[in-house]
Amino acid sequence: MKEVFGRTKQGDVVTSYTITNKTGMSATIIDYGATVVKLLIPDRHGSLRDIQLGYDDVQSYEEGTTFFGTIIGRNANRICGGQVTIDGVKYQMDQNDNENNLHSGLNGIDKKMWTVLALSDSSVSFICKSDDMEQKLPGDLTITVTYSISDDNEFKIAYDAVPEKKTIINLTSHMYFNLDGHYKGSIEDHTITIDADYYNTVIDSKAIPTEDKEPVAGTVFDFRKPKKVGQDINKSDIQLEYVGGYDHNYVIKGGTGNIRHFATVYSEESGICMDLFSDQTGTQFYSGNFIGEQKGKGNFDYHNRSGLCLEPQYIPNAMNFIPEGDIDCPIFDANEHYHSESIYKFSIK
């Protein structure tokens, strides 16, 4: 199903596309930023809950700075000083976050109109082009994202991209989840498990991780066993204080390129359980520390920690300390095919 969602400031018509399955689960995505604006999941009583934070109008997505539901690229997360060197040439990107580059800067693909390639009842594919030097990075980059829903309640995102020149490709989805419903408030009572023995420490208040991974054992970052998000989030720990909670990258067990389970989120109130799978190197766990006070869908108030993100991706700033050609480095040669998949599987517990 498709319908008009609104118009951009430039007058482009923004269309929403809703895909469904036999259980009643559905996702609504708009062609502005290929953004997920609604995700309806059956709770333990069979009632549908919209678990995705977002807005009701295009203007809020244009002006928003929290990246609700958008596709991030061509590079997700932070690059130290906004600088990267490719084939001996240094490229200076926007410094839009503590002198670093965050989510590709001011011209990320989250602010572009995408074109629909294919649409069915249960899937929709979008395509866009990031122009040469649009984000101060070399080469045209053609990006395709396909959303699909299976009858066993798997919500899947498949990313594909092909560069004209050697460049950075590191795509992710910035969905904000509240398994009780987008309007329900804090996610601190959500229980989360992250199947990772290591995380990348933040070296300072600018949130750039070190090159060395640190063990989670014995720290507030240990989610190897189910733990409520809020259990340790306000403890006196300099890493938490730098970013107001969790905003850290975890190293997913198993090899990059292999789809494997890496996290589980559960809400006792709704009974909704979300299992996450990815073929990426790591995932950024973000506890929504900088959502701020703002109006969301249905005129509901959003606050800090109203939603959480788990964003599969390469390790932040990896292009500056992992050699080109390494499987864990997000630098791709001209015409080299980038492909990644993420799966969000929902069930009742």
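Predicted model: local features only at pLDDT ≥ 70, side-chain atom pairs only at ≥ 80, totals over all residues.
Arginine 305 is found in the loop between strand E26, residues 301–302, and strand E27, residues 309–313, where helices (H or I, at least four residues) and strands (E, at least two) are DSSP runs numbered from the N terminus. The phi angle of arginine 305 is near 65°, a positive value in a residue other than glycine. Arginine 305 counts as buried because its relative accessibility is 12%, the term buried being used for values under 20% relative accessible area, exposed for values over 50%, and partly exposed for what lies in between, with a 1.4 Å probe and protein chains only.

Residues are numbered from 1 along each chain as its sequence is written, and side-chain values use heavy atoms, with hydrogens and water left out.

Seen as a whole, the chain has two helices and 29 strands, and its C-alpha atoms fill a box of roughly 60 × 50 × 35 Å along the principal axes. A compact globule of 349 residues would have a radius of gyration near 20 Å, and the chain, with 19 Å, agrees with this; the radius is taken over C-alpha atoms, and the globule rule is 2.2 Å times the number of residues to the power 0.38. Of the 349 residues, 59% count as buried. Among the contacts with a separation of 6 or more, 64% are between residues 24 or more positions apart, contact meaning heavy atoms within 4.5 Å.

Glycine 6 has its place in strand E1, residues 2–7, and is buried, with a relative accessible area of 18%. Leaving aside neighbours within four places in sequence, glycine 6 is in contact with Asp12, Val13, Val14 and Val58. Serine 16 is found in strand E2, residues 13–20, and counts as buried at 4% relative accessibility. When residues up to four places away are not counted, serine 16 touches Met1, Lys2, Glu3, Phe5, Thr28, Ile29 and Ile30.

The peptide bond from glycine 73 to arginine 74 is cis, with omega near 10°, and arginine 74 lies in the loop between strand E6 (71–72) and strand E7 (78–79). Asparagine 153 has a positive phi of about 65° although it is not a glycine; this residue sits in the loop between strand E13 (141–149) and strand E14 (154–163), and at 12% relative accessibility asparagine 153 counts as buried.

The next stop is glutamine 294, which lies in strand E25, residues 294–295. Apart from its neighbours within four places in sequence, glutamine 294 is in contact with Tyr55, Thr66, Phe68, Phe300, Asp301 and Tyr302. A polar contact of 2.4 Å joins the side chains of glutamine 294 and tyrosine 55; such a contact is a pair of N or O atoms within 3.5 Å, of which, within protein, one must be able to donate a hydrogen and the other to accept it, while residues adjacent in sequence count only if both atoms are side-chain atoms.

A search of the whole structure finds two cavities of 30 Å³ or more, a cavity being a set of points, on a 1 Å grid over the protein atoms alone, where a 1.4 Å probe fits but cannot get out, with lining residues having an atom within 4 Å of a point. Grid points are joined across faces, edges and corners, and a volume is the space filled by probe spheres set on the points.

The largest cavity has a volume of about 60 Å³, and its lining includes Asn77, Arg78, Asp247, His248 and Asn249. Strand E21 gives the largest share of this lining, three residues. By class, the lining has four nonpolar, five polar and two charged residues, where Ala, Val, Leu, Ile, Met, Phe, Trp, Tyr, Cys and Pro count as nonpolar, Asp, Glu, Lys and Arg as charged, and the others, Gly among them, as polar. The second largest cavity has a volume of about 50 Å³, and Tyr55, Thr66 and Phe68 are among the residues that line it.

Notes. 1 Å grid on protein atoms, 1.4 Å probe; cavity = no way out; pocket = protein on both sides within 12 Å on 5 of 7 lines; lining within 4 Å.
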